[in-house]
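Here is a short tour of one protein model, written for someone seeing it for the first time. Have a look at the sequence and the 3D view, then read on.

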Amino acid sequence: MKTENLVLDKSFTFSIRIVKVYQFLSKEHKEYALSKQLLRAGTSIGANINEAQAAQSEKDFIGKLSIANKEARETHYWLQLLTEMGYLNNKEQHVVSLLEESIELIKLLTSIIKTTQLKNKK
């Protein structure tokens, strides 16, 4: 039986969407530099969350999730920049939802990190 892991599942789904945006940007706009940054950061979120699942300690777990959180923030930045530069249209629902999902991942990761840190202090 597979156990549900909300942040892992959300980050995986988000990664798939980021890959599709990268494919769109490189095919339709011939934009490779910024989209490559988006691809790297956006897929790194889930990779680091996945690594955290096999952490050797709580410190290692927090470290991996902290990297994922930084990558989520970077991804949000690239999405905003690509929108501002006109490569993505923030009037389109899929772009709005990507921006919202990046913020949601940041909030989830921040919450997990803080909860884990508080648990360690007790």
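## A bridge between H4 and H1

Let's start with Glu-104, which forms a salt bridge with Lys-10; their closest N and O atoms sit 2.9 Å apart. (A salt bridge here is a side-chain nitrogen of Lys or Arg within 4 Å of a carboxyl oxygen of Asp or Glu.) Glu-104 belongs to helix H4 (residues 93-121) and Lys-10 to helix H1 (residues 6-28), so this pair ties together parts that are 94 residues apart in sequence. In general, side chains of opposite charge can pair when their charged atoms come close.

Are these two partners tucked away or out in the open? Glu-104 counts as partly exposed, at 33% relative accessibility, and Lys-10 counts as partly exposed too, at 29%. The cut-offs are these: buried means under 20% relative accessible area, exposed means over 50%, and partly exposed is in between, with a 1.4 Å probe and protein chains only.

## What you are looking at

A quick word on the ground rules: this is a predicted model, where local features need pLDDT of at least 70 and side-chain atom pairs count only at pLDDT 80 or more, while totals for chains, interfaces and linings use all residues. Residues are numbered from 1 along each chain as its sequence is written, and side-chain values use heavy atoms, with hydrogens and water left out.

How many salt bridges does a search of the whole structure find? The count is six. Another one pairs Arg-17 with Glu-101, with the closest N and O atoms 2.3 Å apart. Arg-17 is in helix H1 and Glu-101 in helix H4, so to speak distant parts of the chain, 84 residues apart. Glu-101 is partly exposed, with a relative accessible area of 22%.

Then there is the salt bridge between Glu-71 and Arg-40, at 3.3 Å from N to O. This pair also links distant parts of the chain: Glu-71 is in helix H3 (residues 58-84), Arg-40 is in helix H2 (residues 33-52), and they are 31 residues apart. Glu-71 counts as buried at 12% relative accessibility, whereas Arg-40 is partly exposed at 39%. Through shared partners, salt bridges join Arg-40, Glu-71 and Glu-74 into one network.

## The overall picture

Now step back. The protein has four helices and zero strands, and from the N terminus on its elements run α-α-α-α. Its C-alpha atoms fill a box of roughly 50 × 30 × 25 Å, taken along the principal axes.

Of the 122 residues, 37% are buried. Among contacts (heavy atoms within 4.5 Å) between residues at least 6 apart in sequence, 72% join residues at least 24 apart. The protein exposes about 7700 Å², and carbon and sulfur atoms supply 56% of that; the areas come from the Shrake-Rupley method with a 1.4 Å probe, and for residues only the protein chains shown count as cover.

H4 has 29 residues, which at 1.5 Å a residue should span 42 Å; its end C-alpha atoms are 42 Å apart, which agrees. (The expected span is 1.5 Å times one less than the number of residues in the helix.) Its buried residues include Val-95, Leu-98, Leu-105 and Ile-113, and the buried residues of H4 pack against H1, H2 and H3.

Ser-97 also lies in H4 and is buried, with a relative accessible area of 16%. Its side chain reaches the backbone oxygen of His-94 at 3.1 Å.

## Helix H2 and its bend

The 20 residues of H2 should span 28 Å at 1.5 Å a residue, and the end C-alpha atoms are 29 Å apart, which agrees. Where does H2 bend? At Ser-44, by about 30 degrees; the bend is the angle between axes fitted to the seven residues ending at a residue and the seven starting there.

Ser-44 is one of the buried residues of H2, among them Leu-34, Leu-38, Ile-45 and Ile-49. What covers the buried residues of H2 includes H1, H3 and H4.

## One last pair

Leu-6 is found in helix H1 and is partly exposed, with a relative accessible area of 44%. The C-alpha atoms of Leu-6 and Leu-108 are separated by 9.2 Å, and these residues are 102 apart along the chain.

Note on methods
Helix = DSSP H or I, 4+ residues; strand = E, 2+ residues; numbered from the N terminus. Polar contact = N/O pair within 3.5 Å; in protein donor to acceptor, adjacent residues only side chain to side chain.
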